[in-house]
Amino acid sequence: MKSVKWRVCPICGNAYTTYPAISRKDNKTEICPKCGQQEALDAFLVSKMENSDWISVKDKLPPPNQEVLIWHKGIGRYRVDVARYREEHKNWQLPHWVSESVTHWMPLPEPPKGE
Ligand SMILES: [Zn+2]
């Protein structure tokens, strides 16, 4: 009888029996296929961002307290929001919460012309 090997994914904490994926972060940690897919998607999105108008927070931060579009990791996935960078707290103020996982930002577009 073939015994089933249970593995526990270090990222999501779920047990799984399928063949593991290898984390791109260190190329050795075994993670579950779902997290493997998520990492691949994240890597794809980040590579797209690098060739767009988005500005990496590693390169430049917006003027303090000015509303900008932000690209950040919400609960498990990336999303776009409007926020202000708070220099004194080194985080980003959204209408209802604060994000510390912003990777990119860009100035808000001009408002629509006319009424
Ligand atoms: Zn997982």
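**Overall size.** I started with the radius of gyration (taken over C-alpha atoms): the chain has 19 Å, whereas a compact globule of 115 residues would have one near 13 Å. The globule rule I used is 2.2 Å times the number of residues to the power 0.38. I also looked up the span of the C-alpha trace along its principal axes, which is about 75 × 30 × 30 Å.

**Ground rules.** I'm working with a predicted model, where local features need pLDDT of at least 70, side-chain atom pairs count only at pLDDT 80 or more, and totals for chains, interfaces and linings use all residues. Residues are numbered from 1 along each chain as its sequence is written.

**Domains.** I find domain 1 at 7-49 and domain 2 at 55-107; these bounds come from an automatic or database domain assignment. Their C-alpha centres lie 25 Å apart.

**Elements.** I count one helix and ten strands in the chain. From the N terminus the order reads β-β-β-β-α-β-β-β-β-β-β.

**The sheet.** I traced an open, antiparallel sheet of six strands, ordered E5-E10-E6-E7-E8-E9. Two strands pair here if DSSP finds at least two bridges between them. At the edges I see E5 (55-56) and E9 (98-99), each pairing on one side only. E6 and E10 (residues 102-107) run antiparallel and are joined by five bridges. Trp 71 stands opposite His 104 in E10.

**Cores.** Next I checked burial, and 12% of the 115 residues are buried. Buried means 20 or more other C-beta atoms within 10 Å of a residue's own, exposed means 12 or fewer, and partly exposed is in between, with C-beta atoms placed from the backbone. A nonpolar core is a set of buried Ala, Val, Leu, Ile, Met, Phe, Trp, Tyr and Cys residues joined through C-beta atoms within 7 Å. The largest one has seven residues: Val 68, Ile 70, Trp 71, Ala 83, Tyr 85, Trp 92 and Trp 105.

**Contacts.** Which residues does Trp 105 touch? Leaving out residues up to four places away in sequence, I get Trp 54, Ile 55, Val 57, Pro 62, Val 68, Leu 69, Ile 70 and Trp 71. A contact means C-beta atoms, placed from the backbone, within 7 Å.

Key: Two residues are in contact if their C-beta atoms, placed from the backbone, lie within 7 Å. Helices (H or I, at least four residues) and strands (E, at least two) are DSSP runs, numbered from the N terminus.
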